[in-house]
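Colleague: I would like to learn how to read a few features of this model. Could we begin with a loop and then go on to helices, pockets and a cavity?

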Amino acid sequence: MEFKIDKEVFLKSLQKIQGIVEKKTSMPILSNVLLEATESVLYVTATDLEVGMKSSYPAEIITSGKITVGAKKLYEIVKELPNQIITFSTKDNDWVEIKCGKVHFNIVGLSSEEFPYFPTVKEENLFEIESGLLRGMIERTSYAICTDDTKYNLNGLFTKVEIAPDGNQILKMVATDGHRLSIANGALKGTAGPELLKGVILPKKGINELKKITDEEDGILMFGFMDNSAVIKRGDSYMVMRLVDGEFPDYTRVIPAANDRVITINKEDFTHSVRRMAILSSEKFKGIMLEISATDIKISSSNPELGDAMEEIDVNYGGEPLTVRFNARYLLDVLAVAETEHVDMKFKDELSPSIIVPEKSESFLAVIMPMRL
């Protein structure tokens with residue numbers, strides 16, 4: 001195999017798959033990238049058996065063929081090469097030669113025969129979805145994905161399409177780690193298939209890679225399902241992610257219905273205050289106290305080893321006084337993704353879950369469990 005390719009094109013192709021290749025694996029081939037030279041394009045493929053990506057790039061193909069090379073090392077080499085055309089060729093015993101200007105590398109490759117199969121995607125099974133819609137919904141929910149691998153059915157985003165009373169399709173994404181819950185809604189213009197109407201769990205790693213794709217540019221993505229996997233197509237790139245097996249818990253039962261004590265608070269003021277109070281909270285629990293009265297909210301923290309701090313913020317609240325304690329990190333995560341100037345916080349009592357929603361917005365809702373006082 002031999003091909004010539006522009007350095008920037010090759011670098012971009014390798015950069016795109018760095019988040020997918022496995023760094024620590026019992027299968028060395030999963031640390032490699034598959035390079036496949038056909039008549040006129042170079043295919044670059046990476047997979048960790050859960051998430052895979054295959055993209056095509058323009059290249060001058062001298063001899064077709066395929067080989068796998070360590071993805072991280074190849075990326076580091078190409079990154080440091082001069083801005084000239086790269087000549088890439090295979091030698092005997094799966095060795096690879098890379099030439100660029102006066103630079104010359106010989107590195108060890110692995111036969112492509114061991115590389116996992118990448119499925120052939122049938123485009124007629126895909127529907128259109130807006131890149132910006134996905135990006136916004138992932139931002140508002142992914143912070144609450146569970147990081148405990150033993151709770152595998154929470155290690156992803158539950159994604160479902162519901163039909164509104166007016167017949168429109170509403171795309172929902174839900175994440176929870178047992179201490180907090182986040183729900184984002186958006187109008188879906190494409191036609192969702194049966195998988196989304198039933199609901200699927202997209203894996204955490206796949207969500208991170210999908211977010212990178214949506215960050216590249218706005219526009220339309222193609223989205224669909226095959227063989228218990230979700231498929232995303234953007235331009236000349238395909239991404240396949242294996243769906244998480246298992247049932248997502250009934251999150252609607254977690255959303256409190258009787259939280260009638262509502263305060264409206266300026267998001268920026270509240271964010272800065274929580275950050276300041278968190279400085280003195282304990283490293284492990286990050287607990288801060290909120291004392292809510294008719295006209296203001298006292299935010300405080302104390303740590304026997306460091307001292308204590310307190311701040312007051314004016315709020316709109318007409319209910320009974322209330323004292324509640326939260327993990328500051330959980331509050332800050334929600335405030336960071338709320339897009340309005342003010343947020344509404346809804347309480348029932350000191351120990352019941354609290355709701356945070358952007359003021360006058362129905363596209364996002366967060367539930368946080370308080371800490372015991």
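Modeller: We can. Keep in mind that this is a predicted model. Start with Ser111, which sits in the loop between strand E9 (103–110) and strand E10 (127–130).

Colleague: Which residues is Ser111 in contact with, leaving aside its neighbours within four places in sequence?

Modeller: Contact here means heavy atoms within 4.5 Å. With those neighbours set aside, Ser111 touches Ile29, Thr68 and Asp94.

Colleague: Now the helix pairs. At what angle do helix H1 and helix H2 pack?

Modeller: The angle is taken between N-to-C directions. For H1 (residues 7–16) and H2 (residues 71–80), it is about 150 degrees, and the axes are 9 Å apart. Angles over 145 degrees count as roughly antiparallel, so H1 is roughly antiparallel to H2. Their crossing is left-handed.

Colleague: Which residues of H1 and H2 meet?

Modeller: From H1 come Lys7, Phe10, Leu11, Leu14 and Gln15, and from H2 come Leu74, Tyr75, Val78 and Lys79. Sorted by class, this contact holds six nonpolar residues, one polar and two charged.

Colleague: How do the axes of helix H6 and helix H7 cross?

Modeller: The axes of H6 (residues 267–278) and H7 (residues 328–337) come within 10 Å, with a crossing of roughly 155 degrees. That angle is why H6 is described as roughly antiparallel to H7. The crossing of H6 and H7 is left-handed. H6 contributes Lys267, Phe270, Thr271, Val274, Arg275 and Ala278 to the contact, and H7 contributes Ala328, Leu331, Leu332 and Leu335. In the contact of H6 with H7, seven residues are nonpolar, one is polar and two are charged.

Colleague: Next, the open spaces. How much space lies in the largest pocket, and what lines it?

Modeller: A pocket is an open set of grid points, whereas a cavity is one from which the probe cannot get out. The largest pocket has about 320 Å³ of space. It is lined by 14 residues, of which Lys198, Gly199, Val200, Ile201 and Gly246 are the closest to its centre. Strand E11 (156–163), helix H4 (194–198) and strand E14 (200–203) each supply at least two lining residues. By class, the lining has six nonpolar, three polar and five charged residues.

Colleague: And which residues line the second largest pocket?

Modeller: That pocket holds about 270 Å³. Its lining consists of Glu50, Asp149, Tyr152, Asn155, Pro203, Lys204, Lys205, Asn228, Arg242, Leu243, Val244 and Asp245. Six of these are charged, four nonpolar and two polar.

Colleague: How many cavities of 30 Å³ or more does the structure hold?

Modeller: One. About 40 Å³ of space lies in the largest cavity. The residues that line it are Lys16, Ile213, Glu216, Ile232, Arg234, Ser237, Tyr238 and Met239.

Colleague: Which element gives the most to that lining?

Modeller: Strand E17 does, with three residues. Helix H5 (204–216), strand E16 (229–234) and strand E17 (237–242) each supply at least two. The cavity lining divides into four nonpolar residues, one polar and three charged.

Definitions and conventions
Residues are numbered from 1 along each chain as its sequence is written. This is a predicted model: local features need pLDDT of at least 70, side-chain atom pairs count only at pLDDT 80 or more; totals for chains, interfaces and linings use all residues. Side-chain values use heavy atoms; hydrogens and water are left out. On a 1 Å grid over the protein atoms alone, a cavity is a set of points where a 1.4 Å probe fits but cannot get out, and a pocket is an open set with protein on both sides within 12 Å along at least five of seven lines; lining residues have an atom within 4 Å of a point. Grid points are joined across faces, edges and corners, and a volume is the space filled by probe spheres set on the points. Helices (H or I, at least four residues) and strands (E, at least two) are DSSP runs, numbered from the N terminus. Ala, Val, Leu, Ile, Met, Phe, Trp, Tyr, Cys and Pro count as nonpolar, Asp, Glu, Lys and Arg as charged, and the others, Gly among them, as polar. Axes are lines fitted to C-alpha atoms, for helices over the stretch in contact, and angles run from 0 to 180 degrees between N-to-C directions. Angles under 35 degrees count as roughly parallel, over 145 as roughly antiparallel, 65 to 115 as roughly perpendicular and the rest as oblique. A crossing is left-handed if the near helix is turned anticlockwise from the far one by less than a right angle, and right-handed if clockwise.
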